[in-house]
Amino acid sequence: MKIRILKHELNESIQHVSKAISSRTTIPILTGIKLEVNFQGMTLTASDTDISIQAFIPAEDHDKQIVQVERSGSVVLPAKFFVEIIKKLPSQEIEMEVKEGFQTLIRSGSTDIQMVGLDPEEFPVLPSIEEDQIITIPGDLLKNMIKQTAFSISVNETSPILTGVLWNLSDNQFKFVATDRHRLASRTASLNDADDIRFSNIVISGKTLNELSKIVPDQNTMVEIVVADNQVLFKIDRILFYSRILDGTYPDTSKIIPTNYKTELVLDTKKLSDSIDRAYLLSREEKTNIVRLQTLDDGTIEISSSSSELGKVTEQLEVARFEGEPLRISFNSKYMLDVLKVVESQQLHIGFTGAMSPIIIKPLDESQSLYLILPYRTTN
């Protein structure tokens with residue numbers, strides 16, 4: 001293999017695929033990035049067996065020469081060093097040559113680097129996926145759905161299925177659900193052209209989805225999603241992102257979401273967020289994060305928290321609407337703030353069915369989002 005390649009395009013592709021490199025792998029070949037060159041361009045691949053990412057750099061793009069191929073070939077280069085060194089090379093053009101024994105020479109400006117490469121034949125083959133079920137979704141919508149649900153996954157590996165986000169699709173309604181048993185986030189989106197496609201109990205690691213979100217461009221890019229038996233493939237421009245589907249059955253969460261409320265509030269999202277943020281500063285010191293909310297006779301609510309060492313914070317908040325019974329409830333302020341950070345609506349509807357029943361939060365302008373937080377039992 002012998003090529004010249006533009007540094008910017010190579011570096012960009014390396015940054016994408018390196019998200020699949022795991023520092024914990026015991027398989028030496030998986031600590032590397034596989035480079036394959038032919039006269040169409042260069043393909044880079046990285047994998048940690050759970051996720052695999054492949055990026056393609058075309059030889060030419062819009063009449064601009066990106067890769068000049070003198071000799072095709074392939075090699076696996078150690079990712080840790082390769083990722084860093086390409087970023088720091090002095091010239092905008094890089095020469096690469098693979099010699100016998102996969103010794104790789106990299107030249108840029110007056111810099112010469114020799115790297116010990118590995119045999120690309122040892123690199124695992126990417127999953128073969130039947131492309132029967134393909135849906136297309138705008139990239140910004142996919143990123144939003146990940147952002148508005150993945151924060152609620154469990155970080156406890158004892159329930160692996162809860163470390164993922166549940167996907168269901170039927171009647172063109174694409175739904176994400178995440179829960180760690182103490183809170184829940186769900187987001188639904190209407191898809192076009194998915195009339196004949198249905199799937200359920202597809203669970204993808206929340207960490208994987210967060211990595212995917214970093215690759216999806218902010219501008220209006222369409223993402224193709226291919227759902228197969230045990231893999232999901234995302235196609236984004238010239239990038240292929242493979243993810244393993246988690247094993248197991250996701251719990252049925254529909255039964256825990258109440259439909260009738262004893263107390264209902266409509267509040268300004270930012271004012272509530274600022275108020276709970278101040279209360280959180282004190283509750284954090286107690287390592288409980290407990291904040292109390294109670295309705296007052298004048299139709300306002302009181303947010304309060306206390307710390308045995310620092311004192312107490314109390315503040316009243318105006319509500320846009322208050323219906324139902326008086327209420328006093330305690331909850332984890334960190335969980336509430338996590339919800340308020342991802343809500344884009346200016347006002348929220350919060351429904352309560354009692355002091356020890358789930359709190360249901362629905363953004364007023366986002367009918368397709370719902371959040372649930374379980375309250376705390378407190379003595380005072």
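**Pockets**

I began with what lines the largest pocket: α4 gives the largest share, 5 residues. I note here that the model is predicted.

I then asked which elements supply at least two residues each to that lining. I found α4, residues 206-215, and β19, residues 239-244.

Next I looked up the volume. The largest pocket holds about 720 Å³ of space. I counted 27 residues around it. Closest to its centre I list Arg24, Asp50, Ser205, Lys207 and Thr208.

I sorted the lining of the largest pocket by class. It divides into 8 nonpolar, 10 polar and 9 charged residues.

I moved to the second largest pocket. I read about 460 Å³ of space there. Its lining has 18 residues. Glu12, Ser13, His16, Asp237 and Arg238 are the closest to its centre.

Which elements give two or more residues to this second lining? I get α1, residues 7-17, and β4, residues 51-58.

By class, I have 9 nonpolar, 3 polar and 6 charged residues lining the second largest pocket.

**Sheet**

I turned to the strands. I traced an open sheet of 5 strands, in the order β7-β1-β9-β10-β11. The pairing is antiparallel. As a reminder to myself, strands of a sheet pair through backbone hydrogen bonds, either parallel or antiparallel.

Which strands stand at the edges? I find β7 (67-71) at one edge and β11 (111-116) at the other. Each has a single partner strand, so one side of each is left without a neighbour in the sheet.

I also noted the twist. From one strand to the next it averages 15°.

I checked one pair in detail. Strand β1, residues 2-6, and strand β9, residues 93-98, are joined by 5 bridges in the antiparallel sense. I looked for the bridge partner of Ile5 in β9, and that residue is Ile94.

**Helices on the sheet**

I asked how α1 is placed against the strands. Helix α1 lies across β1 and β9. I read its direction at about 90° to β1.

I close with a cross-reference.

Conventions:
Residues numbered from 1 in each chain as written. Predicted model: local features only at pLDDT ≥ 70, side-chain atom pairs only at ≥ 80, totals over all residues. Heavy atoms only, no water. 1 Å grid on protein atoms, 1.4 Å probe; cavity = no way out; pocket = protein on both sides within 12 Å on 5 of 7 lines; lining within 4 Å. Points joined across faces, edges and corners; volume = space filled by probe spheres on them. Helix = DSSP H or I, 4+ residues; strand = E, 2+ residues; numbered from the N terminus. Nonpolar A, V, L, I, M, F, W, Y, C, P; charged D, E, K, R; others polar. Pairing = 2+ DSSP bridges. Axes fitted to C-alpha atoms, helices over the stretch in contact; angles between N-to-C directions. Contact = heavy atoms within 4.5 Å.
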